[in-house]
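Morning, everyone. Let me put today's structure on the screen, and then we'll walk through it piece by piece.

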Amino acid sequence: MDQVTLVVVRAIESGATTTKKIVDATGLSRLKVERALGTLEKQNLAFRESQGSWALGVPVMPTVRQCGSCTLCCKVLEITDLKKPVNTACSHIMAGGGCNIYSERPRQCRTFSCAWLQGHLDDDWFPATSGMVPHFSLDALNIQVDLDCRDRWREEPYFSKLCELSLNGLLASSKRNYATLVIVGSDKYLLLGRTIVPDPTLFGTAFVPNGRETFHYWKATSLEHLQRLNERVMEIHRIQQEFGHCAIPLDDDPRPPYRPALLELSRQHGGAPTQ
Ligand code: SF4
Ligand code: SF4
């Protein structure tokens, strides 16, 4: 998926569900947004709901468990076709679990299954008791947290597992790269291992490791900004490979050429890479 399409996906996930709202949220031209939506629609990854708004779809994944008495996704997720907002119990939930319009439930309900139901997480994560609905979207593992237990994700055993999942998603060698996002009402956090990035932007986050499970990061404010940040990150990796060390700059608006400034900063910090 190219960067423009990725930004459009993130905008829809953040609640910009009309073309105009996506244009406003991203600053991308209408033409680029429409092209990206057309590509997603052709791949059955985006759909027009009956209200005319856009919704994302992910391929239906096989499930290995049963929902049982759990109905948490029917509370914490937004269902656009029913105009059901996030963190509000759906009026169709039946006492003891289940849906009273099961055969006619909206597409979003029919295609949704959480990551616990798919067998990706152990029974600590049963949503009805953990208070969290983990689910994969096109580019992310989302942890949608019930507002009745808004800090549960920071507790153990959950936080260590989220750190592990985040590192797996970041690893270039893993089968499928994904971001790990925790959504608590209107608050959103990106996890980079044990590093928590509050309010990640639609344009992405550049990062370099500064410990075994922690990262230094820079949030991008446009696609062009992300490109510069990532170019500097690549230069940092090159210097680290060549000299075994590179100081991590704190400024977040790098301009090329990156190498001389990085080498100078490293000398000032005593790492002293020499050509
Ligand atoms: S959160 Fe998961 S287990 Fe609970 S009802 Fe939804 S899909 Fe089923
Ligand atoms: S319509 Fe049924 S499946 Fe969909 S959110 Fe409501 S209760 Fe859940």
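A residue counts as near a molecule or strand if one of its heavy atoms lies within 4 Å of it. With that in mind, which residues surround ligand 2? They are Cys 74, Leu 82, Cys 90, His 92, Ile 93, Cys 99, Ile 101 and Cys 109. By class, that shell has seven nonpolar residues, one polar and no charged. The classes work like this: Ala, Val, Leu, Ile, Met, Phe, Trp, Tyr, Cys and Pro are nonpolar, Asp, Glu, Lys and Arg are charged, and the others, Gly among them, are polar.

Now ligand 1. Around it sit Cys 67, Cys 70, Thr 71, Cys 73, Cys 114, Trp 116, Leu 117, Pro 127 and Val 133. This shell divides into eight nonpolar, one polar and no charged residues.

A word on the ground rules. This is a predicted model, where local features need pLDDT of at least 70, side-chain atom pairs count only at pLDDT 80 or more, and totals for chains, interfaces and linings use all residues. Residues are numbered from 1 along each chain as its sequence is written, chains are lettered from A and ligands numbered from 1 in the order in which they are written, and side-chain values use heavy atoms, with hydrogens and water left out.

How confident is the predictor? pLDDT is its confidence in each residue, from 0 to 100. The protein chain has a mean of 92, and 96% of its residues reach 70 or more. Which strand has the lowest confidence? That is β2, residues 54-56, at a mean of 83. Confidence is highest in strand β7, residues 195-198, at 98. Helices here are DSSP runs of H or I with at least four residues, strands are runs of E with at least two, and both are numbered from the N terminus.

Next, the domains. The chain is divided into domain 1 (1-57) and domain 2 (217-268). Those bounds come from an automatic or database domain assignment. The C-alpha centres of the two domains lie 31 Å apart.

Look at helix α8, residues 223-243. It has 21 residues and reaches 30 Å from first C-alpha to last, close to the 30 Å expected at 1.5 Å a residue. The expected span is 1.5 Å times one less than the number of residues.

Which residues of α8 are buried? His 225, Leu 226, Arg 228, Leu 229, Arg 232, Val 233, Glu 235, Ile 236 and Ile 239. Buried means under 20% relative accessible area, exposed means over 50%, and partly exposed is in between, using a 1.4 Å probe and protein chains only. The cover over these buried residues includes α1 (3-13), β8 (205-209), β9 (215-219) and α9 (259-268).

Met 234 is also in α8. At 44% relative accessibility, Met 234 counts as partly exposed. Its C-alpha is 9.3 Å from that of Val 208, which is 26 residues away in sequence. Just after the helix, Gly 244 takes a positive phi of about 80°.

Over to strand β9, where we find His 216. Contact means heavy atoms within 4.5 Å. Setting aside neighbours within four places in sequence, His 216 is in contact with Ala 206, Phe 207, Val 208, Asn 210, Ile 248, Pro 249 and Leu 250.

Arg 107 lies in helix α5, residues 107-111. Buried or exposed? Arg 107 counts as buried, because its relative accessibility is 15%. Beyond neighbours within four places, Arg 107 touches Phe 47, Glu 49, Ala 55, Leu 56 and Gly 57.

Lys 83 has a positive phi of about 55° although it is not a glycine. So does Asn 87, again at about 55°. Lys 83 lies in the loop between α4 (73-76) and α5, and Asn 87 is in the loop between α4 and α5 as well. Lys 83 is exposed at 65% relative accessible area, whereas Asn 87 is buried at 18%.

Last, where are the cis peptide bonds? One runs from Glu 156 to Pro 157, with omega near 10°. Pro 157 is in the loop between β4 (140-145) and α7 (158-170). Another joins Pro 256 and Pro 257, with omega about 0°. Pro 257 sits in the loop between α8 and α9.

Key:
pLDDT = per-residue confidence, 0-100.
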